[in-house]
Amino acid sequence: MYLALLVFFLQCSELYTQERVFTFNTVEIKVQPSVKVKNGAPMSIVCRADISKSTNFQLKHNFTIFKDGKLVFMTVSNKGDAQYEIPMARSSDTGEYECTVEAGGKTKSSNSLHVWVTGMTKPILTAEKKEVLEGEVVKLRCELPEEVPPLYFVFRKTKMNSTPKEKFVFEPYKNFSVVEFSVEEGDNILQFDCFGKRNVKLEFESSEYSNKTLVTVREPFIKPTLKAKPSSNITEGDRIQFECSTVVARMHDIEIILQKNRTILNSTVYKYVDEYSVRDEKLLKYSALATLEDSGEYLCKVEQGRTSKTTKLNVVVSELFPKPILAASMSKLDENKELTLSCSISGFRKANFSILRKNSNGDIWLKNSRNLTMRVNVNDTGSYICKAEVKGIVKESRPVRINVYAPVSKPTLSVVSGLPEVVLGKPLRLICRSVMGTPPITFTFYKGNNEVKKVVINDTYATFLDENIRPNDKRGYKCDARNNHSSGMKTSNILNVTVIVPIRNASLGSIPYGEVEDGSETAFLCSVKEGSWPIHFRIFRKTDRDILLFEKSENADRVMWRKEAMNRQDTGTYYCMASNRANVDVKSHPITISAKGPSMEMSGSALATNLTSEKLTRQHNDGDYYTGSSYIEDSENHMKSTDESNGPDLESAEVEYTEVEVSTLDPHRDSVEKRHSRIQGHPDAT
């Protein structure tokens with residue numbers, strides 16, 4: 001039974017539900033009379049819902065109207081529309097409107113609609129004071145009572161017969177604004193007004209102008225007067241007095257200033273003037289002895305706060321006498337010479353003269369006179385002036401430069417590095433110094449008799465860099481120095497510079513060459529193709545470490561070393577090294593010596609006798625060097641050639657070896673030369 005009742009009720013409910021089905025078709029919002037409404041006119045916002053129903057049943061509608069997202073109206077109605085009535089539209093009613101309808105648990109919203117209430121209310125302007133003084137401010141308040149911010153305010157200040165001055169103010173949160181206008185000199189009756197502006201859909205809309213407000217301006221003091229006594233046209237030496245005055249009505253802290261150009265000459269401040277007192281005259285005085293520099297424009301200025309009034313006066317001061325002229329008997333002269341300075345004024349003789357020397361710490365007085373004669377020294381070099389005084393006016397001449405010269409001393413010429421020598425290919429720096437003499441000094445350098453450099457310098461020395469050193473150069477250098485002294489030029493002694501030719505192509509040879517007899521004598525000859533003397537020779541034998549066997553310095557291009565008894569322990573590789581003051585070690589190619597048993601050939605002693613007859617030294621002068629031009633060579637009875645003695649190929653050795661010249665040591669060389677010899681393995685064996 002209960003189950004049957006439940007089924008019955010469910011069927012009835014389903015039938016009821018089917019009878020109350022509805023759906024929203026649209027929700028629309030409209031404004032009457034139009035979307036543009038004049039300020040003050042009535043306006044209605046209408047919201048209408050279009051709904052479809054399954055049957056004709058009653059449905060309650062909840063209408064909600066929003067402006068710019070904020071709720072402004074809400075009502076419940078059985079009807080399908082509702083109206084939001086605005087009896088007098090204001091600009092604040094401008095905005096985006098939207099309505100929402102809720103019915104039977106369903107909700108639908110309209111599209112947004114922009115409504116523009118055109119025109120703004122008239123602003124109201126008020127002034128804090130109706131009467132002000134120059135230098136004060138006028139405080140104004142402009143209000144748009146029925147408008148909603150953000151708003152723009154424009155204030156205007158208008159003087160008689162002039163263009164209005166405007167001030168713009170943006171107020172994001174208020175419907176009023178306050179500004180101040182300064183009251184300036186010359187303002188009399190001022191008129192003020194204002195208007196408002198707002199931004200609607202990127203367009204500016206302006207209100208009408210406010211009421212006009214008048215403000216009266218009074219002067220706190222009158223425009224000052226400026227006088228010059230006895231006149232504004234006077235002569236140097238006369239006393240001139242300035243008087244700057246004004247009449248004050250009332251004011252605190254009035255300041256009177258007298259200035260010329262930007263320089264304040266005098267000033268005074270009146271702290272208080274009774275506003276009820278009779279108008280009072282205030283005066284500022286200034287006097288001075290007139291000079292030419294006092295000609296120009298003077299300014300009398302009266303200030304109080306923001307108020308300032310000025311008066312100008314032009315003053316002309318005539319010249320009493322021209323500037324003096326200082327003349328010198330000479331401007332450049334030798335020390336111990338006589339100098340005369342004379343001071344004069346063109347067309348004017350009655351004056352008090354003085355002659356002074358300029359100094360950074362203050363001019364040095366020399367004499368109260370028109371003329372000064374003195375015997376000078378180098379310390380008297382400097383600038384001199386003269387001064388002339390008439391009726392208290394002092395004028396100064398243009399400075400005259402006097403240069404006193406001490407003669408240069410004989411210069412000395414030297415090499416900057418110290419020793420008077422230079423390595424071939426390296427630059428040579430010379431210094432010429434004159435320890436005495438007044439700059440500027442002209443230094444001239446000579447190489448041989450050729451001038452190579454001239455320089456004028458404010459110092460006691462100069463340098464010269466010779467970068468073109470050649471073996472056949474004229475090696476005598478000299479320099480001279482001169483300045484403005486009448487004694488003229490001084491010349492240094494000649495400096496001879498030794499050119500050091502670096503060692504080139506060291507070579508080593510031996511007799512016998514290659515293979516020697518055990519116990520026999522062997523001679524080693526180390527020579528160079530080129531290089532300045534003395535030459536330092538060294539002969540080494542190569543082992544695990546190189547062993548120095550012999551060293552000697554010779555004023556020659558070669559040196560000989562005899563090993564009296566060679567044995568098998570002496571076999572191995574030999575080389576020599578040569579160096580000179582160029583400080584470059586030159587190494588020869590190595591030669592190899594081996595030992596064999598005795599034979600019947602020429603003994604080492606006989607060989608040594610031949611070799612010692614060769615001259616290894618010759619007369620030496622600094623800078624001499626050797627460039628090999630001949631050989632140790634005889635046409636007959638030579639020793640075995642390198643090819644015959646299984647020595648190294650001399651043609652290939654020639655690249656590293658050098659030809660040398662040997663001169664005789666004794667007068668019996670003719671007899672010795674009959675015994676021809678040849679050093680095998682040495683380039684002289686060619």
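The count of disulfides in this predicted model comes to six. With the bonded cysteines counted along the chain, the disulfides follow the pattern 1-2, 3-4, 5-6, 7-8, 9-10, 11-12. The structure also holds 30 salt bridges, and its second largest pocket has a volume of about 340 Å³.

**Disulfide Cys47–Cys99**

- Cys47 is joined to Cys99 by a disulfide with an S to S distance of 2.1 Å.
- The torsion about the S-S bond of Cys47 and Cys99 is about 70°, so this disulfide is right-handed.
- Cys47 belongs to strand β3 (residues 43-53) and Cys99 to strand β7 (residues 95-103), so the bond ties together parts that are 52 residues apart in sequence.
- Cys47 has a relative accessibility of 0% and therefore counts as buried.
- Cys99 is likewise buried, with a relative accessible area of 0%.

**Disulfide Cys142–Cys194**

- The sulfur atoms of Cys142 and Cys194 lie 2.0 Å apart and form a disulfide.
- The link of Cys142 and Cys194 is right-handed, with 75° about the S-S bond.
- Distant parts of the chain are linked by this pair, with Cys142 in strand β12 (residues 137-143) and Cys194 in strand β16, 52 residues apart.
- Both Cys142 and Cys194 are buried.
- Strand β16, which holds Cys194, spans residues 189-200 and also contributes to the pocket described below.

**Disulfide Cys343–Cys386**

- Cys343 and Cys386 are joined by a disulfide, S to S 2.0 Å.
- With 55° about the S-S bond, the Cys343 and Cys386 link is right-handed.
- Cys343 sits in strand β29 (residues 338-344) and Cys386 in strand β33 (residues 382-390), so the bond connects parts that are 43 residues apart in sequence.
- Cys343 is buried, at a relative accessible area of 1%.
- Cys386 counts as buried as well, at 0% relative accessibility.

**Salt bridge Lys395–Glu236**

- Lys395 and Glu236 form a salt bridge in which the closest N and O atoms are 2.9 Å apart.
- Lys395 lies in strand β34 (residues 393-396), while Glu236 lies in the loop between β20 (233-235) and β21, so the pair ties together parts that are 159 residues apart in sequence.
- Lys395 has 7% relative accessibility and so counts as buried.
- Glu236 has 1% relative accessibility, and this residue also counts as buried.

**Salt bridge Lys229–Glu243**

- A salt bridge is formed by the side chains of Lys229 and Glu243, at 3.2 Å from N to O.
- This pair also links distant parts of the chain: Lys229 is in strand β19 (residues 225-229) and Glu243 in strand β21 (residues 239-248), 14 residues apart.

**Other salt bridges**

- The side chains of Lys301 and Glu303 meet in a salt bridge at 3.9 Å, N to O.
- This contact counts as a salt bridge because 3.9 Å is within the 4 Å limit.
- Glu303 is partly exposed, with a relative accessible area of 26%.
- That value of 26% lies between the cut-offs of 20% for buried and 50% for exposed, so Glu303 is placed in the intermediate class.
- Arg156, Asp193 and Lys212 are linked to one another in a network of salt bridges.

**Second largest pocket**

- The volume of the second largest pocket is about 340 Å³.
- This pocket is lined by 14 residues, of which the closest to its centre are Lys67, Ser92, Thr94, Val148 and Pro149.
- Strand β16 (residues 189-200) supplies the largest share of the lining, three residues.
- By class, the lining is made up of five nonpolar, four polar and five charged residues.

Terms used. Residues numbered from 1 in each chain as written. Predicted model: local features only at pLDDT ≥ 70, side-chain atom pairs only at ≥ 80, totals over all residues. Heavy atoms only, no water. Helix = DSSP H or I, 4+ residues; strand = E, 2+ residues; numbered from the N terminus. Buried < 20%, exposed > 50% of the residue type's maximum accessible area, 1.4 Å probe, protein only. 1 Å grid on protein atoms, 1.4 Å probe; cavity = no way out; pocket = protein on both sides within 12 Å on 5 of 7 lines; lining within 4 Å. Points joined across faces, edges and corners; volume = space filled by probe spheres on them. Nonpolar A, V, L, I, M, F, W, Y, C, P; charged D, E, K, R; others polar. Disulfide = S-S within 2.5 Å.
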